[in-house]
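Please read the points below alongside the sequence and the coordinates.

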Amino acid sequence: MRYQGKAKKLYETDDPDILWVEYTDQATAGNGAKKANIEGKARLNNRITTVIFSLLARRGIPSHFIRSISDTEQLNRRLDMFPLEIVMRNRVAGSFAQRYGVAEGTALKQPVLEFFYKSDPLDDPFINRDDILALGLATEQDLDIIAAKTREINGALTGIFRAINVELVDFKIEMGKTGSGIILLGDEITPDTCRLWAIGNNNDSHVTHLDKDIFRRDLGSIIPAYQTILDGLTELEERE
Ligand code: C5P
């Protein structure tokens with residue numbers, strides 16, 4: 001084992017460029033302050049991220065994903081990760097709503113790209129472009145590529161989710177560099193890392209959450225919501 005994350009375990013393989021990734025049933029919120037074991041989550045997230053990476057590849061957006069090898073495991077290309085959480089927002093929610101005192105659900109005049117510094121002891125603080133450059137976490141050129149790729153991923157993902165009647169409110173991705181210096185999308189894209197709202201029956205007092213906010217806000221079990229997302233995406237993949 002090379003690394004144990006909050007929802008995944010990463011193992012080395014005989015090939016130094018390939019990692020074996022095992023999804024786990026663990027759910028955490030508030031940087032680990034809240035924890036639970038949710039049976040079935042590993043399988044759903046492994047499958048959801050597999051379908052999403054495949055749909056993105058079809059749209060010309062490559063990632064570290066190689067192939068799924070079991071219900072809960074997949075092979076990924078090893079990347080040297082930037083210590084950054086890259087967040088893109090299409091509508092106000094979560095920490096953005098709190099930071100600026102704007103109601104969740106408010107429309108944004110344009111999508112917002114944000115960075116957070118990945119650090120458990122510091123609770124992943126907000127970080128700006130100058131901070132990143134000054135600390136040497138990425139170069140100017142890296143950040144330009146990361147920003148362009150993230151906007152492209154946002155466009156593709158928004159379309160993918162709209163096709164299954166779901167609004168992509170915001171999401172977090174991570175990127176890293178291959179041995180030859182190519183910047184690639186890594187980590188996962190699942191309802192753990194996106195805010196997904198059912199389209200059609202939302203109003204000021206009611207949103208149908210299909211993502212980890214169900215767990216964060218004690219709104220019930222995440223399993224039926226994650227299954228809805230997987231079923232929709234699987235159907236879309238077969239249809240295309
Ligand atoms: O909490 P916040 O509003 O900043 O989250 C923005 C997006 O990033 C949400 O979709 C959330 O699920 C995701 N996120 C994540 N991992 C974190 C923090 C946020 O996937 N550690």
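**Notes on the model**

1. Helix 6 (residues 223-239) has 17 residues and should span 24 Å at 1.5 Å a residue; its end C-alpha atoms are 24 Å apart, so the two agree. The expected span is 1.5 Å times one less than the number of residues. Helices (H or I, at least four residues) and strands (E, at least two) are DSSP runs, numbered from the N terminus.

2. The model is a predicted one: local features need pLDDT of at least 70, side-chain atom pairs count only at pLDDT 80 or more, and totals for chains, interfaces and linings use all residues. Residue numbers start from 1 along each chain as its sequence is written.

3. Which residues of helix 6 are buried? They are A225, Y226, I229, G232 and L233. A residue is buried if 20 or more other C-beta atoms lie within 10 Å of its own, exposed if 12 or fewer, and partly exposed in between, with C-beta atoms placed from the backbone. Seen down the axis of helix 6, the buried residues fall within an arc of 125°, so they line one face of the helix. The arc is that of the directions from the helix axis to the C-beta atoms. An α-helix has 3.6 residues a turn, so residues three or four places apart point the same way. The face turned away from the buried side of helix 6 carries the exposed residues P224, D231, E238 and R239.

4. The buried residues of helix 6 pack against helix 1 (41-58), strand 12, strand 15 and helix 5 (213-216). Just after helix 1, G60 takes a positive phi of about 80°.

5. Strand 12 (166-173) and strand 15 (194-198) also each give two or more residues to the shell around the ligand, as do strand 9 (84-91) and helix 2 (94-100). The shell has 14 residues, the closest being G94, S95, K172, T193 and R195. A residue is near a molecule if its C-beta atom, placed from the backbone, lies within 6 Å of it. By class, the shell has five nonpolar, three polar and six charged residues. Ala, Val, Leu, Ile, Met, Phe, Trp, Tyr, Cys and Pro count as nonpolar, Asp, Glu, Lys and Arg as charged, and the others, Gly among them, as polar.

6. E104 is in the loop between helix 2 and strand 10 (107-117). It is partly exposed, with 16 other C-beta atoms within 10 Å. Leaving aside neighbours within four places in sequence, E104 is in contact (C-beta atoms, placed from the backbone, within 7 Å) with V92, A93 and A97.

7. Most residues other than glycine have a negative phi. N31, not a glycine, has a positive phi of about 55°; N31 lies in the loop between strand 4 (26-29) and strand 5 (34-37) and is partly exposed, with 13 C-beta neighbours inside 10 Å. D123, also not a glycine, has a positive phi of about 65°; D123 is in the loop between strand 10 and strand 11 (126-127) and counts as exposed, with 12 such neighbours.

Note on methods:
Two residues are in contact if their C-beta atoms, placed from the backbone, lie within 7 Å.
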